[in-house]
Amino acid sequence: MRIRKLVQAVFRSQGMLREYFTDLFPYMREALRHFNLEKAWETIYADVVTGDFELDRLSLFLNRLYVEDRQLFASFLGYVTKELFDRFHEPKENLTWFFEELKELGFSWDGKKKTLVPAEP
């Protein structure tokens, strides 16, 4: 359920965060390739055939990462977040809900290191 809330925060975003994860742009595929996660994405992609495709697919994919390897989960979303800031100059305010949900999952954004780190209690 936590991952679903994180993904809902992604899709509530008014900026590039939402666009990054859609199939209309190549950015998600680049991130998947960077982490060698294309096969995992394709498996999820093929499994979801009804409902809210993008939301469901991303929820299942991120949930699988979170359950199987939290470090990979953090690295992947850290990479995406860094891309949003560096490549697209996304205002941090556009990611407020996203960062709140990440904190619920035990991670926070370290702006100096430009990566996700374990959240402090």
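View 1. Look across the pair and you will find Ser 108 opposite Val 117. The hairpin has 4 residues between its strands, and Lys 114 takes a positive phi near 55°. Helices (H or I, at least four residues) and strands (E, at least two) are DSSP runs, numbered from the N terminus.

**View 2. Helix 1 meets helix 7.** The axes of helix 1 (residues 2-12) and helix 7 (residues 96-104) come within 8 Å and cross at roughly 170°. These two helices are therefore roughly antiparallel to each other, a label for angles over 145 degrees. On the helix 1 side, the contact (heavy atoms within 4.5 Å) involves Arg 2, Lys 5, Leu 6, Ala 9, Val 10 and Arg 12. Helix 7 answers with Trp 97, Phe 98, Glu 101, Leu 102 and Glu 104.

**View 3. Helix 1 has buried residues.** Ile 3, Leu 6, Val 7, Ala 9, Val 10 and Phe 11 are the ones that are buried, meaning under 20% relative accessible area with a 1.4 Å probe, protein chains only. Their cover includes helix 2, helix 5, helix 6 and helix 7.

**View 4. Phe 76 sits in the largest nonpolar core.** Such a core is a set of buried Ala, Val, Leu, Ile, Met, Phe, Trp, Tyr and Cys residues joined through side-chain atoms within 4.5 Å. Helix 6 gives the most, with 7 residues. Leaving aside residues up to four places away in sequence, Phe 76 touches several residues, among them Met 28, Leu 32, Phe 35 and Leu 65.

**Notes.** Residues are numbered from 1 along each chain as its sequence is written, and side-chain values use heavy atoms, without hydrogens and water. In this predicted model, local features need pLDDT of at least 70 and side-chain atom pairs count only at pLDDT 80 or more, while totals for chains, interfaces and linings use all residues.

Technical notes: Two strands pair if DSSP finds at least two bridges between them. Axes are lines fitted to C-alpha atoms, for helices over the stretch in contact, and angles run from 0 to 180 degrees between N-to-C directions. Angles under 35 degrees count as roughly parallel, over 145 as roughly antiparallel, 65 to 115 as roughly perpendicular and the rest as oblique. Buried means under 20% relative accessible area, exposed over 50%, partly exposed in between (1.4 Å probe, protein chains only).
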